[in-house]
Amino acid sequence: MVRKSKFRRIKRFLSVLLLLAMFLGAGLLPPTFAYMTAENSISLPDAQNLLEQGRKFYEVERFSEAAGIWQQAVTALKANGDELTQSMTLGNLSLAYQQLGQWTEAEGAIAQSLNLLQTTQNLNTKERPQILAQILDIQGRLQLAQSQAENALNTWQQAADIYTKIGDKQAILQNRINQAQALQALGFYRQAEKTLEESTKILQSQPNSLVKVTGLRSLGNVLQATGDLEQSRQKLQQSLEIASSLPDKQATGDILLSLGNTARALGQTQQAIDYYQKAASTVFSPITRIQAQVNQLRLLLKTQQFKDFQALLSPIQTQFADLPPSRTAISARINFAESLTQFKKDTTADTPSWLDIAQILSTAVGQAKSLQDKRTESYALGVLGKVYEQTQQKSDAQNLTQQALLIAQAIDAKDISYRWQWQLGRLLKANGDIEGATVAYTEAVNNLQALRNDLVAVNPEVKFSFRDEVEPVYRELVQLLLQPGGNSQPSQKNIEQASETIELLQVAELDNFFRNTCLNAQIPDKKQDQTTAVVIYPFILPDRLEVILQLPQRRWLHYATPVGEKEVQSTLKQLQENLAKPHTLKQVQSLSQKVYNWLIKPAEADLADSKTPTLVFVLDGYLRNVPMAVLYDGKQYLIEKYGIALTPGLQIIEPKPLQKELKAIAAGLTEPSSGFSALPNVKRELEQIRSQVPSSILLNEEFTRSALQNRINSLPFPVVHLATHGQFSSKAEETFIVAWKDRIYVKQFNQLVRTIEQNRPEAIELLILSACQTAAGDERAGLGIAGVAFQAGARSTIASLWNLDDESTAVLMSQFYQELANKKLTKAEALRRAQLALLQSPKYKRPMYWAPYVLLGNWL
């Protein structure tokens with residue numbers, strides 16, 4: 001009777017486990033957690049006490065102590081022959097080992113648990129299937145943590161089948177969100193999004209409860225991690241509204257903390273500060289309060305609210321003194337020390353001293369060691385090394401950094417390892433060890449590449465800021481590889497590695513743009529040898545402008561101009577502003593000649609000798625906002641001598657000619673829509689396209705998102721031409737085209753164009769966006785063009801950098817389609833001839849008419 005009663009009780013206690021407010025990995029719902037009930041103490045008093053002690057240690061993130069206690073419990077349960085409870089305890093033990101980065105031990109505990117469940121398969125209880133499903137959930141977490149995403153997905157699907165059979169709807173929800181993480185890691189973003197949407201529907205149909213609050217908050221955190229920030233905000237707001245209606249207000253502070261994190265990701269800094277303040281004043285949990293205040297402190301520093309920053313220091317320090325050690329508490333302490341370090345760099349304040357900051361981090365190191373938390377210990381040691389780097393204590397800094405790196409490598413924590421390899425590279429470079437620094441930087445970049453699937457799903461306490469903590473690694477490696485040594489030029493090997501690093505940065509920027517590995521399936525292992533074009537890599541560094549050329553047969557050329565980053569950006573900005581104005585020809589030619597002298601003039605003879613008709617640019621930073629066609633040598637524009645194309649890199653395109661019969665789906669707006677003005681010349685543009693090539697036209701109210709999608713699916717035409725307003729931005733949420741009373745955002749392009757294979761097996765050969773423009777004031781707006789092109793899956797894209805709404809667009813596009821009909825011409829040459837037709841016309845010879853159009857991708 002005791003055994004039957006025990007099984008009845010187990011299920012009841014398992015049902016409350018979603019309420020645990022802890023995350024094993026970024027975006028995952030709280031782990032399923034099992035422990036014995038009070039009733040079982042009659043037969044197993046020692047085991048019951050041990051299980052309860054372990055649970056309490058785990059909940060306060062004292063994972064090593066939890067593991068030790070649960071190991072004792074396993075021994076006690078084994079002696080009593082209680083296989084089911086022993087199996088559950090081994091699952092909990094695996095969770096603790098996973099938190100400690102002890103992967104072998106975690107695997108062993110899971111294997112033992114599953115073996116025990118195998119021996120009890122003939123036991124006729126309702127609890128065994130649920131326990132098996134929960135152990136599979138834990139195994140899936142372990143597999144995902146070890147980058148075995150496909151195995152994790154399969155394991156979670158097995159668990160989902162069991163949950164479905166036993167009708168555990170809450171566990172199904174948790175399982176689906178976990179599956180979404182595995183799908184994202186595998187690059188199946190549409191499927192992951194669908195899974196999350198299904199989870200949301202399940203939650204919406206449930207009555208208000210703390211479980212629903214926790215589930216919505218968890219989903220909001222998942223959406224925040226994957227970059228769907230507006231949806232994240234909505235789910236978190238819904239969670240907050242439900243929590244406010246419940247008697248238990250415990251969850252309110254946690255939700256406010258999450259809302260603050262999402263607002264910060266959205267760039268809504270003051271709103272994020274307000275959320276953090278509310279969270280700190282609302283919560284009952286000291287750890288949530290300290291997290292909110294430390295996050296608030298970092299934003300006060302970012303916005304230079306130094307008075308409020310200093311006022312918050314003392315309350316935070318007082319709370320740290322009373323806070324028991326845990327991973328979250330130590331992470332908050334490290335975060336606090338990093339903010340203090342930045343404050344010291346940004347101001348002349350004497351307080352706190354460097355010694356004070358070092359002491360905070362030394363305490364963090366000691367606490368991490370006491371918990372046997374290797375991941376957090378590594379992070380604390382590395383940040384302490386960074387403090388010593390700031391104070392020029394290079395030997396100590398290098399020693400601490402190497403310690404941190406060894407620990408991170410031992411637990412395969414690539415998201416931390418790359419930081420310490422980067423830091424070690426800086427230190428070695430400062431000591432004059434260029435070869436050692438290059439090795440360290442190269443290893444850091446290799447780890448970042450291995451992390452491409454995880455850059456948006458790392459520990460939220462150690463979240464990446466791309467501009468500050470990822471991009472500089474690539475840039476500094478390029479700078480190191482091309483660094484002049486006396487009068488000698490970099491080796492051909494270094495130049496080639498620099499070009500590859502530039503391309504990797506381009507891909508990383510697009511990953512960051514979409515907050516996922518949007519190009520995951522498109523990158524081959526090797527760049528292709530190019531005989532049809534010269535590839536030019538201009539790269540902006542703080543003290544110089546570097547240029548690499550890949551000439552036919554992989555011959556490399558390199559040169560640099562000693563011009564500062566600020567002067568380069570100022571020149572490019574002035575050129576961009578003057579290009580779209582009607583009476584600025586002299587200014588345009590003067591500025592574009594200056595840029596020509598930087599980028600092209602040193603290679604004029606080599607370009608002439610190569611006899612290559614096309615120049616392909618891999619552009620960096622603000623250069624993306626300026627058309628290379630307009631570069632001026634004093635007599636001719638570059639477009640008068642060469643066809644021109646852009647690409648994020650040769651790794652992600654496969655140049656090949658357009659071989660299909662030329663047919664187009666063309667859509668556009670002449671009337672105002674979504675706050676944008678009318679485009680009266682679009683009708684003429686579409687009519688001229690129809691006169692040149694067989695076309696299917698959608699105009700004005702016909703041009704809806706669904707109508708365009710249906711047309712693309714039903715007509716496998718190689719060209720899609722959109723004559724409508726649009727905006728390119730460095731932010732995906734601000735990059736869109738305008739349809740009839742609607743906006744189609746860049747993240748929706750894959751749903752619009754990349755339809756299921758049986759509907760449209762062939763990619764779009766050419767996407768034309770003829771009336772778009774780059775976002776004003778956005779120095780990286782040109783990144784949005786590449787974002788649209790690759791999200792749409794188009795092999796080639798022609799887009800305008802500014803919108804003219806002029807009949808010149810219709811003239812140029814008509815000429816382009818005429819030239820494109822000649823199958824002997826490449827797309828780059830067809831566009832060049834169309835631009836020259838305008839340039840040679842007295843009416844349209846100014847660059848504002850012919851220069852805005854750029855070709856991205858396949859130039860053949």
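**Helix lengths, burial and packing**

Q: How do you know that the span of helix α11 (residues 229-245) agrees with its number of residues?
A: In this predicted model, the 17 residues of α11 should span 24 Å at 1.5 Å a residue, and the end C-alpha atoms are 25 Å apart, which agrees.

Q: Which residues of α11 are buried?
A: Under 20% relative accessible area is the criterion. The buried residues of α11 are Leu-229, Ser-232, Lys-235, Leu-236, Gln-238, Ser-239, Leu-240, Ile-242 and Ala-243.

Q: What span should the 14 residues of helix α31 (residues 807-820) have, and how far apart are its end C-alpha atoms?
A: At 1.5 Å a residue, α31 should span 20 Å; its end C-alpha atoms are 20 Å apart, so the two agree.

Q: What makes α31 mostly covered?
A: Ten of its 14 residues are buried. Among them are Leu-812, Met-813, Phe-816, Tyr-817 and Glu-819.

Q: Why are α19 and α20 called roughly antiparallel?
A: The axes of α19 (residues 394-410) and α20 (residues 414-430) cross at roughly 155 degrees and come within 9 Å. Angles over 145 degrees count as roughly antiparallel, and α19 and α20 are therefore described that way.

Q: What is the handedness of the crossing where α19 passes α20?
A: The crossing is left-handed. Residues making the contact include Ala-397, Thr-401, Leu-405 and Ala-408 of α19, and Trp-420, Leu-424, Leu-427 and Leu-428 of α20.

Q: How many nonpolar, polar and charged residues does the contact of α19 with α20 have?
A: By class there are ten nonpolar, seven polar and one charged.

Key. Residues are numbered from 1 along each chain as its sequence is written. This is a predicted model: local features need pLDDT of at least 70, side-chain atom pairs count only at pLDDT 80 or more; totals for chains, interfaces and linings use all residues. Side-chain values use heavy atoms; hydrogens and water are left out. Axes are lines fitted to C-alpha atoms, for helices over the stretch in contact, and angles run from 0 to 180 degrees between N-to-C directions. Helices (H or I, at least four residues) and strands (E, at least two) are DSSP runs, numbered from the N terminus. Angles under 35 degrees count as roughly parallel, over 145 as roughly antiparallel, 65 to 115 as roughly perpendicular and the rest as oblique. A crossing is left-handed if the near helix is turned anticlockwise from the far one by less than a right angle, and right-handed if clockwise. Contact means heavy atoms within 4.5 Å. Ala, Val, Leu, Ile, Met, Phe, Trp, Tyr, Cys and Pro count as nonpolar, Asp, Glu, Lys and Arg as charged, and the others, Gly among them, as polar. The expected span of a helix is 1.5 Å times one less than its number of residues. Buried means under 20% relative accessible area, exposed over 50%, partly exposed in between (1.4 Å probe, protein chains only).
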